Amino acid sequence: DAIASDERLKKYSPRIMKATLTNACNLEEIEAQHMAKPGNVKYSRYEKYYLENKELAHGIIVDENKKLRDGYISYLLAKKYGCKVDVIEVPKGSSISKLVLGHHVEYDKEQKVYVTKTNKRYAWIYNLKEAVVLGDILFVNTSKGHAYIQVDKITNIAGKAEMRKHKKVLCNISALNEIKQ
(Lines give C-alpha, C1' and ligand atoms only; values in the text may rest on other atoms or scores of the structure.)
Protein backbone atom coordinates (compact mmCIF):
# COMPACT_ATOMS: atom_id res chain seq x y z
CA ASP A 1 0.00 0.00 0.00
CA ALA A 2 1.22 3.52 -0.87
CA ILE A 3 1.22 4.90 2.68
CA ALA A 4 3.25 1.99 4.01
CA SER A 5 5.67 2.36 1.10
CA ASP A 6 6.23 6.05 1.85
CA GLU A 7 6.81 5.21 5.54
CA ARG A 8 9.39 2.56 4.57
CA LEU A 9 11.10 5.09 2.32
CA LYS A 10 11.47 7.66 5.12
CA LYS A 11 13.70 5.39 7.19
CA TYR A 12 16.34 5.09 4.46
CA SER A 13 19.06 7.65 3.88
CA PRO A 14 18.91 9.95 0.82
CA ARG A 15 21.80 8.03 -0.78
CA ILE A 16 19.87 4.79 -0.69
CA MET A 17 16.79 6.55 -2.02
CA LYS A 18 18.68 7.49 -5.13
CA ALA A 19 17.92 3.91 -6.15
CA THR A 20 21.34 2.32 -5.82
CA LEU A 21 19.94 -1.21 -5.45
CA THR A 22 20.69 -2.90 -8.75
CA ASN A 23 20.16 -6.29 -10.35
CA ALA A 24 16.82 -6.73 -8.62
CA CYS A 25 15.79 -9.28 -11.28
CA ASN A 26 16.49 -10.56 -14.80
CA LEU A 27 14.89 -8.97 -17.87
CA GLU A 28 12.79 -12.09 -18.39
CA GLU A 29 11.14 -11.58 -14.99
CA ILE A 30 9.99 -8.03 -15.74
CA GLU A 31 6.30 -7.46 -16.46
CA ALA A 32 6.12 -4.83 -19.21
CA GLN A 33 2.90 -5.62 -21.12
CA HIS A 34 1.17 -2.55 -19.64
CA MET A 35 3.66 -0.12 -21.18
CA ALA A 36 2.71 2.03 -24.18
CA LYS A 37 4.82 1.96 -27.33
CA PRO A 38 7.50 4.66 -27.03
CA GLY A 39 7.69 7.54 -29.46
CA ASN A 40 10.05 7.12 -32.40
CA VAL A 41 12.10 10.25 -31.61
CA LYS A 42 12.69 9.26 -28.00
CA TYR A 43 13.46 5.64 -28.89
CA SER A 44 15.88 6.70 -31.65
CA ARG A 45 17.70 9.10 -29.33
CA TYR A 46 18.26 6.43 -26.67
CA GLU A 47 19.26 3.86 -29.29
CA LYS A 48 21.73 6.29 -30.88
CA TYR A 49 23.24 6.94 -27.46
CA TYR A 50 23.59 3.20 -26.84
CA LEU A 51 25.20 2.52 -30.23
CA GLU A 52 27.71 5.38 -29.78
CA ASN A 53 28.58 4.64 -26.14
CA LYS A 54 27.96 0.90 -25.76
CA GLU A 55 25.94 1.54 -22.60
CA LEU A 56 22.35 2.45 -21.87
CA ALA A 57 21.57 6.00 -20.78
CA HIS A 58 19.96 4.76 -17.56
CA GLY A 59 18.53 1.73 -15.84
CA ILE A 60 15.14 0.16 -15.40
CA ILE A 61 12.85 0.71 -12.41
CA VAL A 62 10.56 -2.08 -11.22
CA ASP A 63 8.39 -2.53 -8.14
CA GLU A 64 8.65 -5.49 -5.77
CA ASN A 65 6.32 -7.46 -8.09
CA LYS A 66 8.79 -6.89 -10.99
CA LYS A 67 6.30 -4.61 -12.76
CA LEU A 68 8.09 -2.04 -14.93
CA ARG A 69 7.72 1.52 -13.60
CA ASP A 70 10.31 3.44 -15.64
CA GLY A 71 12.96 2.77 -18.26
CA TYR A 72 10.85 1.03 -20.89
CA ILE A 73 13.17 2.03 -23.74
CA SER A 74 16.18 0.78 -21.77
CA TYR A 75 14.26 -2.47 -21.32
CA LEU A 76 13.55 -2.72 -25.06
CA LEU A 77 17.14 -1.91 -26.01
CA ALA A 78 18.56 -4.37 -23.48
CA LYS A 79 16.39 -7.11 -25.00
CA LYS A 80 17.28 -6.08 -28.57
CA TYR A 81 21.05 -5.87 -28.06
CA GLY A 82 21.49 -8.30 -25.18
CA CYS A 83 23.34 -5.66 -23.16
CA LYS A 84 23.72 -5.30 -19.41
CA VAL A 85 21.24 -3.02 -17.66
CA ASP A 86 20.75 -2.11 -14.03
CA VAL A 87 17.34 -3.19 -12.74
CA ILE A 88 16.42 -1.14 -9.71
CA GLU A 89 13.60 -2.05 -7.35
CA VAL A 90 11.54 0.68 -5.71
CA PRO A 91 8.54 -0.10 -3.49
CA LYS A 92 5.16 -0.09 -5.24
CA GLY A 93 3.29 3.17 -4.77
CA SER A 94 6.38 5.25 -4.04
CA SER A 95 7.06 8.33 -6.12
CA ILE A 96 10.06 8.07 -8.42
CA SER A 97 11.81 10.49 -10.71
CA LYS A 98 15.01 10.83 -12.71
CA LEU A 99 17.70 12.84 -11.00
CA VAL A 100 20.25 14.47 -13.31
CA LEU A 101 23.56 15.69 -11.98
CA GLY A 102 25.90 18.06 -13.70
CA HIS A 103 28.04 21.16 -13.73
CA HIS A 104 27.12 24.70 -14.68
CA VAL A 105 28.30 25.57 -18.20
CA GLU A 106 28.28 28.60 -20.46
CA TYR A 107 28.40 28.78 -24.23
CA ASP A 108 31.70 29.90 -25.77
CA LYS A 109 30.64 31.59 -29.03
CA GLU A 110 34.15 31.53 -30.53
CA GLN A 111 34.72 27.80 -30.00
CA LYS A 112 31.00 26.97 -30.36
CA VAL A 113 31.06 24.67 -27.33
CA TYR A 114 29.81 24.70 -23.76
CA VAL A 115 32.54 25.27 -21.17
CA THR A 116 32.34 24.20 -17.53
CA LYS A 117 32.04 27.15 -15.13
CA THR A 118 32.53 25.29 -11.85
CA ASN A 119 33.77 21.98 -10.50
CA LYS A 120 30.83 21.71 -8.12
CA ARG A 121 28.14 19.25 -9.16
CA TYR A 122 24.45 20.04 -8.70
CA ALA A 123 21.28 17.91 -9.03
CA TRP A 124 17.83 18.52 -10.55
CA ILE A 125 14.67 16.49 -11.01
CA TYR A 126 14.15 15.55 -14.67
CA ASN A 127 10.50 14.88 -15.55
CA LEU A 128 10.39 16.19 -19.12
CA LYS A 129 9.06 13.98 -21.91
CA GLU A 130 12.25 14.30 -24.00
CA ALA A 131 14.96 11.69 -23.63
CA VAL A 132 17.91 12.68 -21.46
CA VAL A 133 21.42 11.28 -21.94
CA LEU A 134 24.88 12.03 -20.56
CA GLY A 135 26.32 15.18 -22.09
CA ASP A 136 22.96 16.88 -22.63
CA ILE A 137 22.73 20.61 -22.01
CA LEU A 138 19.78 21.48 -19.78
CA PHE A 139 18.21 24.82 -18.89
CA VAL A 140 17.48 24.92 -15.16
CA ASN A 141 16.30 27.08 -12.29
CA THR A 142 18.92 27.85 -9.65
CA SER A 143 18.93 29.85 -6.45
CA LYS A 144 20.51 32.69 -8.48
CA GLY A 145 18.19 32.55 -11.51
CA HIS A 146 18.37 30.47 -14.67
CA ALA A 147 21.46 28.62 -15.88
CA TYR A 148 22.70 25.87 -18.18
CA ILE A 149 24.16 22.59 -16.96
CA GLN A 150 25.78 19.66 -18.71
CA VAL A 151 24.59 16.25 -17.50
CA ASP A 152 27.33 13.93 -16.27
CA LYS A 153 25.22 11.45 -14.30
CA ILE A 154 21.64 10.19 -14.42
CA THR A 155 20.18 8.27 -11.52
CA ASN A 156 16.80 7.87 -9.85
CA ILE A 157 15.31 9.22 -6.68
CA ALA A 158 12.32 7.92 -4.74
CA GLY A 159 10.08 9.51 -2.15
CA LYS A 160 8.27 12.83 -2.34
CA ALA A 161 10.31 14.32 0.51
CA GLU A 162 13.56 13.61 -1.34
CA MET A 163 12.19 15.02 -4.59
CA ARG A 164 11.12 18.28 -2.92
CA LYS A 165 14.79 18.96 -2.11
CA HIS A 166 15.58 19.54 -5.79
CA LYS A 167 14.48 22.05 -8.41
CA LYS A 168 13.14 20.80 -11.74
CA VAL A 169 14.78 20.96 -15.14
CA LEU A 170 13.00 23.51 -17.36
CA CYS A 171 14.18 22.44 -20.82
CA ASN A 172 16.49 19.92 -22.48
CA ILE A 173 18.34 22.07 -25.03
CA SER A 174 20.19 19.09 -26.58
CA ALA A 175 17.02 17.07 -27.18
CA LEU A 176 15.23 20.05 -28.73
CA ASN A 177 18.19 20.75 -31.03
CA GLU A 178 18.19 17.10 -32.20
CA ILE A 179 14.46 17.23 -32.91
CA LYS A 180 14.92 20.37 -35.04
CA GLN A 181 17.64 18.74 -37.17
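1. The lining of the second largest pocket divides into nine nonpolar, six polar and six charged residues. Here Ala, Val, Leu, Ile, Met, Phe, Trp, Tyr, Cys and Pro count as nonpolar, Asp, Glu, Lys and Arg as charged, and the others, Gly among them, as polar. This is a predicted model: local features need pLDDT of at least 70, side-chain atom pairs count only at pLDDT 80 or more, and totals for chains, interfaces and linings use all residues. Residues are numbered from 1 along each chain as its sequence is written, and side-chain values use heavy atoms, with hydrogens and water left out.

2. The space in this second largest pocket is about 340 Å³. Its lining has 21 residues, with Lys42, Tyr46, Asp70, Gly71 and Lys98 closest to the centre. A pocket is an open set of points on a 1 Å grid where a 1.4 Å probe fits, with protein on both sides within 12 Å along at least five of seven lines; lining residues have an atom within 4 Å of a point.

3. Now the aromatic rings. Six aromatic pairs are counted (ring centres within 6.5 Å). Tyr107, Tyr114, Phe139 and Tyr148 form one cluster.

4. Tyr114 lies in strand β5 and Tyr148 in strand β8, so the pair ties together parts 34 residues apart in sequence; strands are DSSP runs (E, at least two residues) numbered from the N terminus.

Conventions: Grid points are joined across faces, edges and corners, and a volume is the space filled by probe spheres set on the points. Rings of Phe, Tyr and Trp (its six-membered ring) pair if their centres lie within 6.5 Å; planes under 30 degrees apart count as stacked, over 60 as edge-to-face and the rest as tilted. Helices (H or I, at least four residues) and strands (E, at least two) are DSSP runs, numbered from the N terminus.
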